[in-house]
Amino acid sequence: MKTWRKSLICVMLLAFIGFLAFGVWVPSNSNAKEQTNGSLVIVGGALSDTNAAVYNKIIQLAGGANSVIGVIPVNSADPYGSYDFYRNLFLSYGAGNVVLIDITIDNYATNAYSQQIVNTINSCTGIWFTGGDQMRAVTALYDSSGNMTPALQAIWNVYNNGGVIAGSSAGAALMSNPMIIGGESFDALRYGSSWGPTLGNGVTLYRGLGFFSGGLVDQHFHARGRIGRLIRAAWDYYFDLAFGIDEDTAMVVQGNTITALGKRGITIIDLTNAYRDYSYSNFSLLGIKMHYISKGDTFNLSTKNITPNPVKINLRGNEYYSGTIYTNAVFDPYTAYDCFVKLVDSKTEIYAIGEKYDKKAKLGFRLRWDRYSDTYGYWQSIDGDSSYTVINEYLKITPY
């Protein structure tokens, strides 16, 4: 399906869904402005308190020693404990000031409309959404008709005036619109997607906050084997691009440039030329293009060009692995990652296969990655971490 047609259908479909869910006509990314001077730091969860690169970046984008970072602990089951933790952490890394945006699942009916809270948000140069449950943020920051509360409007003002919006785990999931709220990879491929807030059998989505309009976001990505659910969700909701962010890793968005920062990397799924094979009775998807960026690599949202960190070496002629690349547990932690990075770093193989079979369902899914003449890999050990760049691997998913 052509990109323009997919985009048009996406807007129409999500607008209709918004009408059903909120009683108002709500197109996808309806919060987004034509231009913004702000930036995003979207963290894939499990952010270590020693990850100086990520914390320093947030503080730098918020103004360094002059920064005022507002912590919104609404997602957390222990909001004030979470605020205290992040306040101390940001101050230890040199933030100018850290303030509480006192909106929780227990007080939002009052505080999301409070002028005092709005004034506090307006004083901030950066906003930090904690982890927990992203549905709490959506419940608190939209009213019952699906309109932005004054607090959410103020957060958008911070962003549009050049501030940084950052968050980890649930605080990352809410960055796109719609957002993923639950589901496992195998079930997502088997059952498809559904609209929340109630979780369905497959992958469930719901209205997010929409600060990131460049694609669909998922987090805890390879640690929880989420490649299947992200691809199915992105396909069903007509996203051309989707981004799976690893734990202890940040996706930094400044204009059209995405930079990978932190311990691991970001899997980029490009469905622009993807298509179904309807000869299969169960879900299939072919023509998926996939990339992986890490530690200083950049991706341009407009051109889709990847620029590897210049310290990395080109793997052509420098490959390490040999032998068949196969797993029968492709949705286990980091197994899909192992498949596609070994493929680009292989002396002998031109494809890798990962499978998952459910005996009870009598159904399996096979993921096959292929490399062609336009496939490139780069690698370097950076800060003690093995850091890969993968450009242009081709993935197809078929049932068996």
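**Loops, cores and ring pairs**

Pro 178 sits in the loop that runs between helix H8 (170-173) and strand S6 (179-182). In this predicted model, the peptide bond leading from Asn 177 into Pro 178 is cis, with omega near 5°. Another cis bond turns up from Gly 196 to Pro 197, here with omega near 10°. Pro 197 belongs to the loop between strand S7 (193-195) and strand S8 (203-206).

Asp 383 is not a glycine, yet its phi is positive, at about 55°. It lies in the loop between strand S20 (363-382) and strand S21 (385-399), and it is exposed, with a relative accessible area of 69%. Asn 392 likewise has a positive phi in a residue other than glycine, near 65°. This Asn is found within strand S21 and is buried, at a relative accessible area of 14%. A further buried Asn, Asn 107, has a relative accessible area of 17% and is placed in the loop between strand S3 (97-100) and helix H4 (108-111). Leaving aside residues up to four places away in sequence, Asn 107 touches Tyr 80 and Asp 102.

As for packing, nonpolar side chains tend to be buried together in soluble globular proteins. The largest nonpolar core here has 54 residues, and Phe 211 and Phe 212 touch the most other members. Helix H7 (residues 150-160) supplies the largest share of this core, seven residues. Not counting residues up to four places away in sequence, the contacts of Phe 211 include Leu 40, Phe 129, Leu 152, Trp 156 and Met 175. Apart from this core lies another, of 45 residues, with Phe 186, Leu 216, Met 290 and Ile 397 among them.

Phe 129 also belongs to strand S4 (residues 126-129), where Gly 126 and Trp 128 point one way, Ile 127 and Phe 129 point the other way, and all are buried. Strand S4 runs parallel to strand S2 (residues 68-72), joined to it by four bridges, and Val 71 stands opposite Trp 128. Four bridges also join S4 to strand S5 (residues 164-168), again in parallel, and there the bridge partner of Trp 128 is Ala 166. Trp 128 is a member of a ring cluster too, linked through ring pairs with Tyr 55, Phe 85, Tyr 86, Phe 90 and Tyr 93.

Aromatic pairs come to 21 in total. One of them is Tyr 337 with Phe 340, an edge-to-face pair at 5.7 Å centre to centre and 80° between the planes. Both residues lie in helix H11 (residues 335-344), three residues apart, or about one turn of the helix. Tyr 337 counts as buried at 10% relative accessibility, and Phe 340 is buried at 0%. The rings of Tyr 357 and Tyr 400 also have centres 5.7 Å apart, but their planes are at 25°, so this pair is stacked. It links distant parts of the chain, 43 residues apart: Tyr 357 in strand S19 (residues 351-358) and Tyr 400 in the segment after S21. Tyr 357 counts as partly exposed at 38% relative accessibility, as does Tyr 400 at 34%.

Arg 232 lies over the face of Phe 283, at 4.0 Å from the ring centre. The charged end of Arg 316 sits over the ring of Tyr 376, 4.0 Å from its centre.

Notes: Residues are numbered from 1 along each chain as its sequence is written. This is a predicted model: local features need pLDDT of at least 70, side-chain atom pairs count only at pLDDT 80 or more; totals for chains, interfaces and linings use all residues. Side-chain values use heavy atoms; hydrogens and water are left out. A nonpolar core is a set of buried Ala, Val, Leu, Ile, Met, Phe, Trp, Tyr and Cys residues joined through side-chain atoms within 4.5 Å. Buried means under 20% relative accessible area, exposed over 50%, partly exposed in between (1.4 Å probe, protein chains only). Helices (H or I, at least four residues) and strands (E, at least two) are DSSP runs, numbered from the N terminus. Contact means heavy atoms within 4.5 Å. Two strands pair if DSSP finds at least two bridges between them. Rings of Phe, Tyr and Trp (its six-membered ring) pair if their centres lie within 6.5 Å; planes under 30 degrees apart count as stacked, over 60 as edge-to-face and the rest as tilted. A charge sits over a ring if NZ of Lys or CZ of Arg is within 6 Å of the ring centre and within 35 degrees of the ring normal.
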